[in-house]
Amino acid sequence: MTLPNFRASGESKLNKAIILLLLAIFSSPTVFHSNLRADELKTEALGGEINIKGHLGVEFKGYIKKPPLKLDYNLAGIGEIESVYSKGSWFGKLLIEGLIDTQEEARDYLRANEAYLQYDFVEQEVRIAAGRELVFWGALEVYNPVNIINIQNLARDPFEVFKLGSYLMSVSKYFESSEMELLATLYEQDQAFPGRESPYFIFPTFLTYDENLITEESRTRPTVYLKYSGSTDTIYPLDYALVISNGYDHQRFITLVGDGILRQNAYIASKFLTFDTLVVNATLLKLEASYTDVKDVPFISDYYQVGAGIEHTLEQLYRGWDLGLMSEYYLYKTTDRDKFDDLRLFQPFQNDLFVGFRLNFNDAASSEIVGGGIFDLEYDGEYSLFAEFNTRVFDRFTVSADIRKIVPNNEGTPTLYQLIGDHLRITLNISYNF
């Protein structure tokens with residue numbers, strides 16, 4: 001079956017316009033001249049300095065166990081160029097990312113994933129910023145329920161964290177050991193899913209997903225966040241953050257809007273969340289928690305999420321290696337059982353336990369292995385296993401590999417893992433860094 005060719009969204013056109021404009025500026029010989037050294041690329045431009053770095057590489061994903069008639073592998077070229085501008089109190093960042101897949105067109109993209117300017121009022125200890133930006137919130141290793149600013153790039157990989165930059169403005173005020181920040185996202189973005197031929201296309205074959213988002217109010221209705229964070233200088237250091245927000249929730253739901261057409265919906269909600277870490281000697285305690293008050297959607301319930309973890313590091317265990325032992329628990333609950341539950345909302349972590357490790361070799365290549373298992377305590381027999389290895393080769397190359405195994409529940413309950421099915425994949429990524 002051929003998928004319909006949907007018209008390019010306004011966001012896609014804006015992405016292309018930003019990329020073309022910024023590339024034109026940065027490539028113009030009348031704007032800047034280069035000052036190159038063997039180990040870096042520095043450029044003087046607009047009276048300031050630009051530092052440029054990036055990588056080009058190849059990514060292979062092989063599917064050893066998968067549903068029938070799905071892809072056996074993905075092979076893609078990947079690239080990233082990051083340009084950072086600084087001049088006195090001014091700072092700017094442009095991050096262009098791209099991927100071209102030989103097997104799955106739905107994974108292809110080229111975007112300015114970050115493109116923003118910020119200015120520091122040094123004496124007032126105030127910073128303002130505007131543009132497209134990536135913002136990470138959280139403390140846990142595997143899943144971060146409070147990391148809600150940016151949506152996930154599911155088309156690239158539903159299990160790795162690849163976020164889409166959000167269009168936002170922010171004002172930050174710094175104090176001696178804390179910070180107050182006001183942020184507002186200015187545009188609600190579409191959520192792409194893997195292509196129909198992908199093992200991760202979870203919808204029935206007779207349905208088609210249209211990524212054109214349905215919003216409760218205008219797409220440009222701001223989502224506002226007020227964040228207070230800080231740290232303590234005590235015998236047991238504590239990093240903490242408290243956030244309240246109002247606007248579009250990062251959780252969305254899918255509805256059937258036409259003859260076999262599915263679309264995603266975004267709704268208005270208020271959120272209260274916190275993420276914190278406490279260091280006790282060689283042990284790190286982690287907490288993420290949120291409560292969401294849904295405005296007026298009749299079939300979406302208020303809900304809360306909690307993630308709690310502990311990581312203990314055994315230092316210099318063998319040949320200078322450090323071994324971190326980790327355990328994390330994740331809970332998702334709705335307050336009204338008569339409304340959509342976790343299954344209808346494709347929530348992967350409802351009542352789950354992660355047990356894993358982090359082995360840091362402390363070598364010149366920054367080699368590391370992270371692995372473990374995620375065990376579903378809600379649905380019998382459901383779990384996933386993974387192991388990831390990262391290292392550098394000849395200083396300029398990075399190599400990463402992973403293996404992932406999914407075993408769905410044996411009750412036939414339509415969880416996200418059940419929709420994917422019994423699954424085993426390997427991934428190899430090799431990149432040249434410049």
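Ser-170 is buried in this predicted model. Its relative accessible area is 9%, and buried means under 20%. The residue sits in strand 8, which runs over residues 166-174.

What does Ser-170 touch beyond its neighbours within four places in sequence? Its contacts there are Arg-127, Ile-128 and Ala-129, together with Glu-181, Leu-182 and Leu-183.

Now step back to the whole chain. The protein has two helices and 23 strands. The C-alpha trace spans about 65 × 55 × 45 Å along its principal axes.

How much of the protein is buried? Of the 434 residues, 47% fall in that class, and Ser-170 is one of the buried residues. Contacts can also be sorted by distance along the sequence. Among those with a separation of 6 or more, 57% join residues 24 or more positions apart.

The surface comes last. Its accessible area is about 21800 Å². Carbon and sulfur atoms supply 60% of that area. As for charge, the protein carries 39 positive side chains and 61 negative ones. The centres of these two sets lie 4 Å apart.

Definitions and conventions
Residues numbered from 1 in each chain as written. Predicted model: local features only at pLDDT ≥ 70, side-chain atom pairs only at ≥ 80, totals over all residues. Heavy atoms only, no water. Helix = DSSP H or I, 4+ residues; strand = E, 2+ residues; numbered from the N terminus. Buried < 20%, exposed > 50% of the residue type's maximum accessible area, 1.4 Å probe, protein only. Contact = heavy atoms within 4.5 Å. Areas by Shrake-Rupley, 256 points an atom, 1.4 Å probe, with all protein chains shown as cover. Lys, Arg positive; Asp, Glu negative; His and termini not counted. Charge placed at Lys NZ, Arg CZ, Asp CG, Glu CD.
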